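Welcome, and thanks for taking a look at this one with me. Please have the sequence and the 3D view open while you read the points.

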Amino acid sequence: MTIGDIETPALLLDLDVLQNNIRIMAEYLKDKTVKLRPHTKCHKTPVIAHMQVKAGARGITVAKLGEAEVMANAGIENIFIANQVVQMSKIEKLVNLNRYSNVSVAVDNPDVIDTLSSIASKKNVKINTIVEIDVGLNRCGVLPGKPSVELAKKIARSKGLIFEGVMGWEGYAAFIEDFTKRREECKKCYHKIVETAEQIRKAGMEVNTVSCGGTTSFNIAAEYPGINELHAGSYVLMSLMHSLKKVPFKPSLTVLTTVISRSTQERVITDGGIKAFSRYGGNPKVHGISGVEVHELHGEHGLLDLNDPSVDLRVGDKIEFIPAYPGSTVNLHNKFYVMLGDLVEAIWNIEGRGRVD
Ligand SMILES: Cc1ncc(COP(=O)(O)O)c(C=O)c1O
């Protein structure tokens, strides 16, 4: 099967680029004490998670319990849910998962700690539990310092729970375009988390994990003393949002579409609209053809402007796009066509697609 045989819209993965991204990260971390626990919410695909573990990752990170179930069922053994799991039925599932896998979880609430502890101890299971610290994103997480120390103490006292460490996500700082400013702002976040880890140690607890860092901040976090785990994820697929300066990774993910109409010399219509692309982070960008831009996306149609009307695009031609953000576009599709040049090397099911539960 070649690229011309693929029914569109479809996700393409360039296997060489994907493997190279995994290799670049592994080589960068080879001689460092900081370890990688890649966030898999962007690809939601066990085979890619296995490739990352094989390349040296100590386990994986997921965003949702549903993703953890998919990855555990596919044989991934060391999984961290970097998010809050608060519904009783979900906490039960999380505890049950720990009978055959090792699934740790972030917490930021004392009542959730009580529920987790009571279910885990009833079922005779131990859950590694991590305090999520709000380092400035204003999303989940307790404040650094005393509130985090108190939560850590509560975990350490709770039956069925093991206090594992702290995590934060410097998302607001990691996407600052200018690298010097990005580094400055990220360091403020790391200072908060590392300081808090020290205070927890002073209170008599071991802090095994101090975790943060994404694709656009991995090399800042990795150099910061006291951080020992990174949860960068999109580096494997990349996207327009992640293609900032000073990031050595290349886009392996594109969305393939077909021209279905050339209504005028200046306008091309493709079969890829917002049901093929998430617009989180903006419109996708045409890959490999210059002078062609997204004008608008409708449900099932992509409306493109041709700056140069002589560009030879006809009905039936294929156009590739780089999405603005990977995870939300991947979640719209069932499979990746894994490409070596124009040849389809494999088809990988996106097992975690739709697992936003
Ligand atoms: C908790 C958490 N950690 C890390 C990341 C970094 O991910 P990426 O490397 O995909 O930018 C994210 C992304 O949103 C996140 O939510």
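Here are a few numbered points on the ligand site and on some backbone details.

1. A word before we start: what you see is a predicted model.

2. Let's begin with the ligand. Which residues surround the ligand? They are H39, C42, A82, W169, G171, G214, T215, H231, A232, G233 and S234.

3. By class, 7 of the residues around the ligand are polar and 4 are nonpolar. There are no charged residues in this shell.

4. Next, have a look at the peptide bond between T8 and P9. This bond is cis, and its omega is near 0°. P9 sits in the segment before strand 1, which covers 10–14.

5. Then turn to N124, in the loop that links helix 5 (110–122) with strand 6 (127–132). Its phi is positive, about 60°, although N124 is not a glycine. Is N124 buried or exposed? N124 counts as exposed because it has 9 other C-beta atoms within 10 Å, and the exposed class takes in residues with 12 or fewer.

6. Finally, N138 lies in the loop between strand 6 and helix 6 (146–157). Here too the residue is something other than glycine, and phi is positive, near 60°. N138 has 9 C-beta neighbours inside 10 Å, so it counts as exposed.

Methods. Residues numbered from 1 in each chain as written. Predicted model: local features only at pLDDT ≥ 70, side-chain atom pairs only at ≥ 80, totals over all residues. Near = placed C-beta within 6 Å. Nonpolar A, V, L, I, M, F, W, Y, C, P; charged D, E, K, R; others polar. Helix = DSSP H or I, 4+ residues; strand = E, 2+ residues; numbered from the N terminus. Buried ≥ 20, exposed ≤ 12 C-beta atoms within 10 Å, placed from the backbone.
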